Amino acid sequence: MPTKHTIAVLVNDQPGVLQRVSGLFGRRGFNIESITVGQSEEAGLSRMVIVTEGDSGTLEQIEKQLYKLIDVIKVIDLSSKPMVARELALIKVKAEPNVRPEIMGVVETFRAAVVDIGTHSMMVQVVGDTDKIDAMIELMKPYGIKELSRTGVTAMIRGNAT
Amino acid sequence: MNAQSAMMGSKEQLREKWMKPEVITGSEILLRSLLLEGVECVFGYPGGAVLYIYDAMHGFDDFKHVLTRHEQGAIHAADGYARASGKVGVCIATSGPGATNLVTGIATAYMDSVPLVVITGNVATNFIGTDAFQEADITGITMPITKHSYLVRDVEDLPRIIHEAFHIASTGRKGPVLIDIPKDVSANKTMFKPVTEVNIRGYNPTVNPNRLQTDKLLKAIETAQRPLILAGGGVVYSGGHDELYRFVTTTGIPITTTLLGLGGFPSGHDLWTGMPGMHGTFASNKALQNTDLLINIGARFDDRVTMKLQGFAPHAKVVHIDIDPAEIGKNVPTDIPIVGDVKSVLEILNKDAKYAHVDAWRAQVMQWKEEQPLQYEDSDTELKPQWVIEMLHRTTEGQAIVTTDVGQHQMWAAQFYKFNQPRSFVTSGGLGTMGFGFPSAIGAQMAHPDRLVISINGDGGMQMCAQELAICAINNIPVKVVIINNQVLGMVRQWQEIIYKGRYSHIDLEGSPDFPKLAEAYGVKGLRATNKEEAEAAWQEALNTPGPVVVEFVVRKGENVYPMVQAGDTIDQMILGDSE
């Protein structure tokens, strides 16, 4: 049965490495729901966090195919263990002065933050798991979302495990 | 020239000569590094972006450079060299069109796990990304069809990259590695310090298998009633043919070998059932569908072998031995996965392998072999392609290295030339590349200057790289080029006849050249045969002629390859012949 999986891929910080990884997903028909890349704890290595969907066989193939790339050092199936997954969204929402208090109320409930205010708009920053971001966006829709930018998921295993 | 000649000193002498640290150009680093990797010949084609490299080659005679007439010829030749020798094949091309002309050859090598180091030039680093003249992002273009690739940005990295490239190409699951060298990198100078060690973090192929898994396999053999071995290219590539022979003869388990596995096990052996799959033998396909323990040794369950996956080997517990973990479970669910080098795995298995008491099963397999051997209806008025292949086998006593192109002649060669030695059959399996057969024979002959190399082609594929006749002529590369001419794209015709209800669409190769005359135009002897008598005489003349010869056999147009399994059917749904 297809389920969501979050995997971390530790890669050599080489030009083209993102293309190698994303190209592999594309040509083998694996799904990419989100992909984030950034520095890791070690100089010269980047960490990618990829959210994908598939059955257990597909996940196994994804891991094995990733390991075939020379620049891939390690593949970790984060979602097989207790993990913390977060993404960030910036939402620019229409906000005439009369609705601002209402929006502020939603922002506070979600422990989000207002990071900019324009004459007719507000920019809201929300951090959390994907469900929380989805919920926040749903609540902002009635006011009129002018612009939306999500980072995709980054994640780590809880506790001392790496 | 007689391929690699005595002009090259011993490897030790060359190392002595080239190991000295010196300030030299990237081009000289490349040439010296290739020598240090043991390269004896490279195939290539110069152009603007590799001119520094070719300038460094001026007067350089420590390895042989073969100038082909098309980059596609160069890479297929390097591929043939690698497959026939087991060494890494090397080719060089310039940037842009030179590099893109290699794409088919790189994909061919990738699909069949052939170790190649492919060197391309590129525009100078400050021009990269500007759509400069003859610029192409060849590392980007070839990313899906290389095992790894490098774009060299600094001449200092060159010695390390070349050493890594050879290591990656020739270890684990072998494959093509591309090194793209911008023009300024090949011109810049640095102190050359040869690299002799390699340390690639995260790249550590598993050679030795997990003993628990090999023990499981041995136990499974003890309880199996109908075991079968399916052996593939991994046997040949790992050099594990002797170990396979011991394993098969010790256990007495029947064996089928895939197209790329042909030669990995002697075809005359009683336990050998022939090739499986779409054009496999009746015995192999029946055995696959009835086995209760399928032991896959270095094959990748290609769809030309399995045909319809649902319903493939339906009663079998599946064992899969492969150096590439990603192959295990990719197509066929596996009960006993064994990751490791085929030769190493078989060495371990052979220590404890025992005879399998499955006499009834062996008798059944023998009966299938006897019931439905490969056969064809011979003719006294027309030349039959199967008869021609049988004649080639008979007159060479199966000792030649045979390369083929792709199509009906390829399948007939696989069926009717009986291979008994590894690396004696060179063919494009995974990609099915027309144009591969003839240039790959040039490479195979360069690897084995003293052996008889026969290149079997159709009249279609021969016209895709025929220009390489020139390099046979000028270098006196004595390939015997066979053209099975049925005046048509035979395999396409067969599909259109059987699957598309005889609606023949664009398959007649009208306007083909007079092949013997084409050969002569290049300075190669050309012969033609239209009946058995002429065929025997022409072939004898070809064998007695030193140097390259082209022999055209004009055969019956409508001949089909049987058995045949249609796409979508399971492998025991075989069409056995025209009479059905």
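1. Contact here means heavy atoms within 4.5 Å. By that rule, B:Gln72, B:Ile75, B:His76, B:Asp79 and B:Arg83 in H4(B) meet B:Thr104, B:Gly105, B:Ile106, B:Thr108 and B:Ala109 in H6(B). The residues of this contact divide into 3 nonpolar, 5 polar and 2 charged. Ala, Val, Leu, Ile, Met, Phe, Trp, Tyr, Cys and Pro count as nonpolar, Asp, Glu, Lys and Arg as charged, and the others, Gly among them, as polar.

2. A note on the basis. This is a predicted model, in which local features need pLDDT of at least 70 and side-chain atom pairs count only at pLDDT 80 or more, while totals for chains, interfaces and linings use all residues. Residues are numbered from 1 along each chain as its sequence is written, chains are lettered from A in the order in which they are written, and side-chain values use heavy atoms, with hydrogens and water left out.

3. Helix geometry. The axes of H4 (residues 71-85) and H6 (residues 103-111) of chain B come within 8 Å and cross at roughly 20 degrees. The two helices are therefore roughly parallel to each other (angles under 35 degrees). H4(B) passes H6(B) in a right-handed crossing.

4. Cysteines. The count over all chains is 0 disulfides (a disulfide being a pair of cysteine sulfur atoms within 2.5 Å). The sulfur of B:Cys41 is 11 Å from the closest cysteine sulfur, in B:Cys91, too far for a bond. B:Cys472 is in no disulfide either; the nearest cysteine sulfur, in B:Cys465, is 12 Å away.

5. Burial. B:Cys41 is buried, at 2% relative accessible area, and B:Cys472 is buried at 0%. Buried means under 20% relative accessible area, with a 1.4 Å probe and protein chains only.

Terms used: Axes are lines fitted to C-alpha atoms, for helices over the stretch in contact, and angles run from 0 to 180 degrees between N-to-C directions. Helices (H or I, at least four residues) and strands (E, at least two) are DSSP runs, numbered from the N terminus. Angles under 35 degrees count as roughly parallel, over 145 as roughly antiparallel, 65 to 115 as roughly perpendicular and the rest as oblique. A crossing is left-handed if the near helix is turned anticlockwise from the far one by less than a right angle, and right-handed if clockwise. Buried means under 20% relative accessible area, exposed over 50%, partly exposed in between (1.4 Å probe, protein chains only).
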